[in-house]
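Please look first at the protein chain as a whole, and then at the spaces between its parts. The paragraphs below follow that order.

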Amino acid sequence: MNHIHPSTDLKVAAQNCDLVLEAVSEDRNVKREVFSQLNEFCSEDIILASNTSELNIFNVAKVKNPKRLVIHHWFHPPYIIPLVEIVAGRKTSSEVIDISFKLLEKIGKKPLILKKFTNAFVVNKIQQAINSAVFALLIQGIASPEEIDMAIKNSVGIRMPFAGVAQNLDFVGLDVVYDIIKNMGMDLVLLKDKVKNGQLGAKTSIGFYDYQGRTEEEILTKRDKLYLQMLDYLKKMNAFEPI
């Protein structure tokens, strides 16, 4: 704590910094004003990072050296959640991305460098789709908030720490997933090509993931062991009840 020196004066706070992380509200005008001040107070070699959750900060912030502008998107609560998404603009230098990655790793975070910019980045883009489905279920009166959370905690909530999202599709079988997608009136070329090439997931030892020749039994036995351990742990923690 001796290394933390709080200040309500932005000019003072920005002095002698190698990196400044902006974390004000998700308001374009507020962020634009903060970066305008930082542009005045900071030298051109300082990395200016934004913690925006979905904005294209590269169109919002006007800075002297756009090569030093980058997004570091942390997750709430940031003192617990490991992931930080690193998002570059068209002019962000590779040096800034490299420094960002190494710094975040050094302080114990799990950085993810996006291959290109997209609004809401990776996690919030997925979260937005989930939120839209939740709102639709509530508005249509299909389930209560408590019932929705109970359903998620007792299904994908157990799988996700181990299988994530993409790998779970491998476990279901990409041929099965493709049939489901078609029944919903959609046709994804990505899935169609996977099925056509026999890349069906765990059952063929390759899908979105490459299982290096392991059999489906080997893969799913390991998966099931992890799921059962997680289920037992969550029950002991009484984690299925509301906080």
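**The chain and its pockets**

The secondary structure of the protein chain consists of 11 helices and five strands; helices (H or I, at least four residues) and strands (E, at least two) are DSSP runs, numbered from the N terminus. This is a predicted model, in which local features need pLDDT of at least 70 and side-chain atom pairs count only at pLDDT 80 or more, while totals for chains, interfaces and linings use all residues. Residues are numbered from 1 along each chain as its sequence is written, and side-chain values use heavy atoms, with hydrogens and water left out.

Along its principal axes, the C-alpha trace spans about 60 × 45 × 40 Å. The chain has 243 residues, and 30% of them count as buried, that is, under 20% relative accessible area with a 1.4 Å probe, protein chains only. The chain exposes about 16100 Å², of which carbon and sulfur atoms supply 56%; these areas come from the Shrake-Rupley method with a 1.4 Å probe.

For residues 1-115, an unreviewed UniProt entry gives the feature "domain: 3-hydroxyacyl-CoA dehydrogenase NAD binding"; such annotations may be inferred rather than shown by experiment. This span is 30% helix and 20% strand, and its end C-alpha atoms lie 35 Å apart.

The pockets come next. A pocket is an open set of points on a 1 Å grid over the protein atoms alone, where a 1.4 Å probe fits, with protein on both sides within 12 Å along at least five of seven lines; lining residues have an atom within 4 Å of a point. The largest pocket holds about 1600 Å³ of space, a volume being the space filled by probe spheres set on the points. Its lining comprises 38 residues, and Ile130, Ile152, Val156, Met160 and Val165 lie nearest its centre. Two or more lining residues come from each of α5 (123-139), α6 (145-153), α7 (156-163), α8 (166-172) and α11 (216-236). The largest share, 10 residues, belongs to α5.

What is the make-up of the lining of the largest pocket in nonpolar, polar and charged residues? It divides into 26 nonpolar, seven polar and five charged, where Ala, Val, Leu, Ile, Met, Phe, Trp, Tyr, Cys and Pro count as nonpolar, Asp, Glu, Lys and Arg as charged, and the others, Gly among them, as polar.

The second largest pocket contains about 490 Å³ of space. Its lining includes Val165, Leu169, Ile180 and Phe208. At least two lining residues come from each of α8, α9 (174-183) and α10 (189-196), and α9 gives the most, with three. This lining has 12 nonpolar residues, no polar and no charged.

Key
Buried means under 20% relative accessible area, exposed over 50%, partly exposed in between (1.4 Å probe, protein chains only).
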